[in-house]
Amino acid sequence: MNTTKRLLQTGALTLSLLACSVMAAVSSDEAAKLGNTLTPIGAEKAGNADGSIPAWTGGLPINAGAVDGGGFLADPFPNEKPLFTITAQNVEQYKDKLTPGQYAMFKRYPETYRMPVFPTHRTANLPDNIIAAAKLNATNTKLIQGGEGLENFQLANPFPIPKDGLEAIWNHITRYRGASVRRHVVQVTPQANGSFSPVSLEEEFAFRGMMKDVDTSKPSNILFYFKQRVTAPSRLAGNVLLVHETIDQVKEPRMAWLYNAGQRRVRRAPQVSYDGPGTAADGLRTSDNLDMYNGSPDRYDWQLLGKKEIYIPYNSYRIDSPKLKYSDIVKAGHLNPDLTRYELHRVWHVTATLKQGERHIYAKRDFYLDEDTWQASAIDHYDGRGTLWRVAEAHAQYYYDKQVPWYAVEVIHDLLSGRYLALGLKNEEKRAYEFDYPAKESDYTPAALRQSGVR
C-alpha cells in the first residue's frame, strides 16, 4: 500500500513538473541565448548582412551627453547628416523597407512629406534589475485566460523570446518605461492648414511592482497606475483621469475614474478603454491609441509574421530640443521633416484582426515592434471596409541618463481627413520627463482624485 502510494505521489510530481515545463515560455537552454547570441531582452545581437544595421554592443552609456537643468538631453549624434532622403519622387526605390502606412504618406502628401534616413545606432539598454527579470520571465511567465493575462510575471518583458503574436504584444504593453514618470506635455490636433491650439497635460505613470511603498510580495492584478490632468485650455482645465491598469483585464477589467472640474464629481469611466474617445483628441485617437497601443488584447486575434527591416523614427533627439517652439515642429499634414530622423532597424511584424462578434473601429492593425525595446514603432490601422485609415508612428528616444527607451512624440495620421494628432511634445515646457519620482499608492485612489482636480 505504501509502495503504491509512493508511486502515485511520484507520478503526480512528475506530471506536475511536466506541466510546469509545458507552461514555461521557453526552455532553459533557449533562455540561455539571452545575453549571448540575443540581447538581454531578446533582440538579435548581430548586425545584418550588409552592415547597415550594426551589432548591439550595450547601447549608449548613461553619460552619453549633457543633461540641462530641465532634464533635456543633448543629441549624442549632433553632427550626423542624412545618408539619403526618401521623397515621393524616389519612394518606389525604398518601398520594400516601408510599411504600407508610410508608403501611403508619400502618396497623401507628395509635395511636403519626406523621410531623412540617418546611420543606424542601437542605443537602447535597460537597468540590471529589468534585465534579470526578463531572464526569469523567459522560463516562467505564461499566458492565462486565453492570452488576456499573465502569470508568474515580473516587472517587464514577459516573453523576450516570443512564440506568437500575443506574446509579442504583451512585451509592448508591459515594457519598461521607468519605475515611474511624471511629465508635462502637449497634445495638438492641427487643422488641414496646420493651425493648432495646444492642449496641456500633466501625466503620472507608475508601475506598481516597482513602487517603494507597496508590499510586492502580496498578489495584485495591478500592472500600473496612470493619472492625467488637463491644465489648458481653460474650458478643459481641471479635468482628471485616473486609471488602474490590470494585468488580467478579462478577470478584472481596467478600472478608470474621471473627475469633472465643472461638476466637482468623480465618476467611473468605463469608456476609457478600447475605442472609447481619447482625451481632448478631437476624435483623432481612441483610448487604446495612447502609448501607440495599450489595454487588453482580448478583442483581436494576433499573428506573429516574423521580422523585417524597415525605416522607423529613431534617436529623435533633434525634435525634442528645448530650443524649438511647437510651431517649428507642427506643420500642415505632418511634423516638420527637417526635424525628424529615420534609421533602418529590425522589427517584429504582428497583425491584429478583430475577432468575430467583437466591436472596434479598427478592424485590423499592423504592428511593427522595435526588436531592441519592444515598443511599437509604427502601427497601420484599417477600418471595417479594409481601407487603410490611420497611420501611427512613434519618434523614439532613448533617455540614456535613466536607461529608459520611450518616445519623444507619438503621432497618428488620419489619411482620410488629412489631419493628425501629436502627443508628448514638451519643447516649451519647463522640464522634460521626471523619471523615478516618489510615487505613492495612496495618490492613485478615487478618494485622492478629487484633490487632483482643483483648478
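User: Let's start with helix α5. Is it buried or exposed?
Analyst: Buried. In this predicted model, 10 of the 10 residues of α5, which spans residues 165–174, are buried, so the helix is largely enclosed by the rest of the structure. Among them are Leu 166, Trp 170 and His 172.

User: What goes on at the start of α5?
Analyst: There, Asp 164 has a side-chain oxygen within 3.2 Å of the backbone nitrogen of Leu 166.

User: New topic: how many aromatic pairs are there?
Analyst: The count comes to 20 aromatic pairs. Take Tyr 317 and Tyr 400: their ring centres are 5.9 Å apart and their planes sit at 40 degrees, so that pair is tilted.

User: Where do Tyr 317 and Tyr 400 lie?
Analyst: Tyr 317 is in the loop between β11 and α6, and Tyr 400 is in the loop between β15 and β16, so the pair ties together parts 83 residues apart in sequence. Both Tyr 317 and Tyr 400 are buried.

User: And what about Trp 348 and Trp 374?
Analyst: Those two form a stacked pair, 5.6 Å centre to centre with 15 degrees between the planes. Trp 348 lies in strand β12 and Trp 374 in the loop between β13 and β14, so this pair links parts 26 residues apart in sequence. Both Trp 348 and Trp 374 are buried.

User: Last one: which ring does the charged end of Lys 364 sit over?
Analyst: The ring of Tyr 382, at 5.3 Å from its centre. Lys 95 lies over the face of Tyr 103, 4.3 Å from the ring centre.

Terms used. Residues numbered from 1 in each chain as written. Predicted model: local features only at pLDDT ≥ 70, side-chain atom pairs only at ≥ 80, totals over all residues. Heavy atoms only, no water. Buried < 20%, exposed > 50% of the residue type's maximum accessible area, 1.4 Å probe, protein only. Helix = DSSP H or I, 4+ residues; strand = E, 2+ residues; numbered from the N terminus. Polar contact = N/O pair within 3.5 Å; in protein donor to acceptor, adjacent residues only side chain to side chain. Phe/Tyr/Trp six-rings, centres within 6.5 Å; stacked < 30°, edge-to-face > 60°. Lys NZ or Arg CZ within 6 Å of the ring centre and 35° of its normal.
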